[in-house]
Amino acid sequence: MKAARQLFAEKGFAQTGREEIAQRAGVTRGALYHHFASKSEVAAAVVEELEDELVDLVAAAALKGHGVREQLHLGCRAYMDACADPTMARILADAPAVLGLAACRALDAASCAPLLMQVFAQAEAEGVVVPGEPEITASLLLGMLNGAAALIGAAPDDRTLRDRVCGSVDDFLSRLFG
């Protein structure tokens, strides 16, 4: 996994061969195939691992906030900042083409949506009205954050762009959640 992640980040999925993954990992091609039937399966495992790391990172950042509004802003900012990491940006940018958009959305639904549903429940408990149906609002918010991540990831060294994107997301969240 570590070798595949490094190579996908350095070269992209299409330019990385299975033999190269096995060689960097210090295993035979047969050993690689024992765990993964295809390079796409390796990519799916790498993206799942990244998703898990992102959820942990976002949750840890959000816990530093006081109240649901601040937690939501901090969590979203942590996500966007993580996506500015060129390693993460390249893998996440390749993911829809490699895994398919439906699979990427399913990963978001499984890993990120439950986190947002917890935030929405806390918002309601704090008297903050969550607009629309929570499941749909979570899906729409994830779409916006993924779009923000794509903008940032396309130019990870452009701090001005990152600040503009983060500012727009912050403004959107403030208006959405009062």
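Colleague: Does Cys 166 count as buried or exposed?

Modeller: Cys 166 counts as buried, at 1% relative accessibility. Buried means under 20% relative accessible area, exposed over 50%, partly exposed in between (1.4 Å probe, protein chains only). This is a predicted model: local features need pLDDT of at least 70, side-chain atom pairs count only at pLDDT 80 or more, and totals for chains, interfaces and linings use all residues. Residues are numbered from 1 along each chain as its sequence is written, and side-chain values use heavy atoms, without hydrogens and water.

Colleague: How many disulfides are there?

Modeller: A disulfide is a pair of cysteine sulfur atoms within 2.5 Å. The count here is zero. Cys 112 is in none; its nearest cysteine sulfur, in Cys 83, is 9.5 Å away. Cys 112 is also buried, at 14% relative accessibility.

Colleague: Which residues have the most contacts inside the largest nonpolar core?

Modeller: In soluble globular proteins, nonpolar side chains tend to be buried together. A nonpolar core is a set of buried Ala, Val, Leu, Ile, Met, Phe, Trp, Tyr and Cys residues joined through side-chain atoms within 4.5 Å. The largest one has 53 residues. Phe 8, Val 42, Leu 72, Tyr 79, Met 80 and Phe 120 have the most contacts inside it.

Colleague: What does Tyr 79 touch, leaving aside its neighbours within four places in sequence?

Modeller: Contact means heavy atoms within 4.5 Å. On that basis, Tyr 79 is in contact with Leu 54, Val 58, Leu 145, Asn 146 and Ala 149, leaving aside neighbours within four places in sequence.
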